[in-house]
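Work through the exercises below with the structure open. Try each task before reading its solution.

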Amino acid sequence: MSEEASCHSEEWLTRALAGDAAAFGMLVRMHQRSVYSLALRMVSDRQKAEDLAQEVFLQLHRNLTTIESGAHLAFWLRKVTLNRSIDRLRREPKLEAIPLEAAEGVVSEATGADPLLTRRLNTLVAQLPAAPRAVLLLRYQEDLDPTEIARTLGMSLNTVKSHLKRSLSLLRERFGDTARSSI
Amino acid sequence: MSNDLDDDLRAALRPVDPGEKFTQSVLARVAEESTRSPRGPRLHTTTLRWASVALSISLVIGILVAHQWQVRRTQRGLEARKELIQALQLTGEKLDLAYRVVNDEEHPERGGEPGA
């Protein structure tokens, strides 16, 4: 999040804490892309991701007094979203083993990006196990550094680095396979 | 695929906006939850818990009071019985004495009769 956005976040947070529903709505708008995208790329199902993301914001509303700052809010939302997603995947293991086609809904509206490449990468990311997938999403979707990822997921820095290294080499390998098979 | 997998991943994994409908749904659910008042049921539960504790204490006190009352009643009954027995004994003795006095007055000669 940019410094300006973080500043606005503080302002909306203060107002939301005072009971301003519109300010809470602004907080939702500011963070819904991140929360929804994390949930969507974790559970690979639009409806389930929407439900999960809504539950996260409801939980936020109930725990608003525990949020200390805009930065803490972003950290809290990522952490709760990923924990809920991982719990969901544990309860419904079939969500983790999604077919290639089912991951199509997770494609971003990236401007200028190759749609085929974007779709393939999203599909391959969706096939990773839950923990390395969460690490990869925090690294490339949320642009966090390994230390922040470790703090968010409650992992050691070495585990995060190891997940990143293995996931990237797996993606390279699998991408090569799918590229060859599509020729 | 470009040479830089990092850049490709960043481009592919850009956040997706769920849209304004999502925001409205969240706000509607928050409003619904607020009208249901999450503090209401919690307060209700707390009140119920306190009420049940108060009821239990009252019940214990009630049982103790009833027990004490029963003990005192039994003691009073025993004391009354004792007093009644004493009164009956005294009455019996007095009646016996009176009978002897009356008997002596009616037959004063008996005391002087030879072989009496």
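## Confidence and conventions

Chain B has an average pLDDT of 84, and 84% of its residues score at least 70. Here pLDDT is the predictor's confidence in each residue, from 0 to 100. This is a predicted model: local features need pLDDT of at least 70, side-chain atom pairs count only at pLDDT 80 or more, and totals for chains, interfaces and linings use all residues. Residues are numbered from 1 along each chain as its sequence is written, while chains are lettered from A and ligands numbered from 1 in the order in which they are written.

## Exercise 1

Find which elements of chain B have the lowest and the highest mean pLDDT.

**Solution.** Take the elements first: helices (H or I, at least four residues) and strands (E, at least two) are DSSP runs, numbered from the N terminus. Helix 3 (residues 39-106) of chain B has the lowest mean, 87. Helix 2 of chain B has the highest, 91. For the complex, the predictor gives an ipTM of 0.82 and a pTM of 0.68.

## Exercise 2

Describe how helix 3 of chain A packs on helix 2 of chain B.

**Solution.** Step one: geometry. Helix 3 (residues 46-62) of chain A and helix 2 (residues 20-35) of chain B pack at about 45°, with axes 10 Å apart. Axes are lines fitted to C-alpha atoms, for helices over the stretch in contact, and angles run from 0 to 180 degrees between N-to-C directions.

Step two: class. The two helices are therefore oblique to each other. Angles under 35 degrees count as roughly parallel, over 145 as roughly antiparallel, 65 to 115 as roughly perpendicular and the rest as oblique.

Step three: residues. Helix 3 of chain A contributes A:Glu50, A:Gln54, A:Phe57, A:Leu58 and A:His61. Helix 2 of chain B answers with B:Phe22, B:Ser25, B:Val26, B:Arg29, B:Val30 and B:Glu33. Contact means C-beta atoms, placed from the backbone, within 7 Å.

## Exercise 3

Count the residues that each chain puts into the contact.

**Solution.** Chain B gives 22 residues and chain A gives 35. On the chain B side, helix 1 (5-12) and helix 2 each supply at least two residues. Helix 2 of chain B gives the most, with eight residues.

## Exercise 4

Is A:Arg33 buried, partly exposed or exposed?

**Solution.** Locate A:Arg33 in helix 2 (residues 21-43) of chain A. A:Arg33 has 18 other C-beta atoms within 10 Å, so A:Arg33 is partly exposed. The cut-offs are 20 or more for buried, 12 or fewer for exposed, and partly exposed in between, with C-beta atoms placed from the backbone. Leaving aside neighbours within four places in sequence, A:Arg33 is in contact with B:Pro15, B:Val16 and B:Asp17.

How values were computed:
Contact = placed C-beta atoms within 7 Å.
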